[in-house]
Amino acid sequence: MADSPAHPDSNGETGNDTGVAPEHGSATGTPRWVKVFGTVVAVVVLLFIIVLLTRGPGGHGPGRHTQSGGIGARTAPASVVDDRGSFAGPVGPALRSSGHASP
Amino acid sequence: MSPGLRKFALTAHLTCSLGWTGAVMAYLALGIAAVTSPDAQTMRAAWIAMEVTGWYVIVPLALAALLTGLVMALGTRWGLFRHYWVLFSLVLTIFATVVLLLHMPDVSVLADVARGADGASLDRLGGDLFHPGLGLVVLLVIQAMNMYKPRGMTPYGLRKQQAQRPARTP
């Protein structure tokens, strides 16, 4: 916290530039902020995993934008999706030959 | 770590971490432009720029921030698993990096669609606001945690601390 005690080597051995030292107190038990924050993080990560596992291809990903009935109902023509909307793992702009004429 | 090396590692870590946050902000601005702009060329350019920014700026900075963070934690007395704030920073950084790496291929697909789509199709393509928005929140939380360093040692950290105490007493 901001009111943590400064440590003589707080800018030395710790690599710390804030004047806050690694804790040397003997406080036992889990702090309340850890419980609250840990619960929030766990819920977010769990939700992410559930979304990832329950929604198949097109449920979460480019299909959401390019297929009809997706979130926001934003659709592109099927020809566009068929021609260019491959899910076969593009790995970056430079590693793919676009082959598309500039409009 | 020697003081000089530690300073260098800290500089690299701060540069990568803050650069990652800044790049996500730029990506978010492009995502907003892709959603709100009525101009087809702007929308197309935004998607292409989002793809390039994502692969060539955000992904390298994310991996570098994770790597330099590990070096900083393991090379100093903070340790990787001793303090809750370090542990949370690690978990959240890994989480953000995994989501980023899973999401970027989708961005490439949509950028490809945008390259060839006409105005009406581009309008239906939408933008990419949820992922960078959530990512920015996570990065800001990590940043705040790294600055405030809230108290709290893990059981492992307490054990290590107790084990080191007798060794230090003369």
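Residues are numbered from 1 along each chain as its sequence is written, and chains are lettered from A, with ligands numbered from 1, in the order in which they are written. In this predicted model, local features need pLDDT of at least 70, side-chain atom pairs count only at pLDDT 80 or more, and totals for chains, interfaces and linings use all residues, while side-chain values use heavy atoms, with hydrogens and water left out.

Chain A contains 3 helices and 0 strands, where helices (H or I, at least four residues) and strands (E, at least two) are DSSP runs numbered from the N terminus. The order of its elements from the N terminus is α-α-α. Of the 103 residues in chain A, 31% are buried; buried denotes under 20% relative accessible area, exposed over 50%, and partly exposed the range in between (1.4 Å probe, protein chains only). Among the contacts of chain A with a separation of 6 or more, 8% involve residues 24 or more positions apart, a contact being defined by heavy atoms within 4.5 Å.

Over all chains, 2 salt bridges are counted, a salt bridge being a side-chain nitrogen of Lys or Arg within 4 Å of a carboxyl oxygen of Asp or Glu. One of them pairs Arg115(B) with Glu51(B), with the closest N and O atoms 2.8 Å apart. Because Arg115(B) lies in helix H3 (residues 84-116) of chain B and Glu51(B) in helix H2 (residues 40-74) of chain B, this pair ties together parts that are 64 residues apart in sequence. Arg115(B) is buried at a relative accessible area of 17%, and Glu51(B) is likewise buried, at 0%.

A salt bridge is also formed between Asp112(B) and Arg115(B), at 2.7 Å from N to O. Both residues belong to helix H3 of chain B and are separated by 3 residues, about one turn of the helix. Asp112(B) is buried, its relative accessible area being 12%. Through shared partners, the salt bridges join Glu51(B), Asp112(B) and Arg115(B) into one network.

His13(B) is located in helix H1 (residues 3-36) of chain B and is buried, with a relative accessible area of 15%. When residues up to four places away in sequence are not counted, His13(B) touches Ala65(B), Thr68(B), Gly69(B) and Met72(B).
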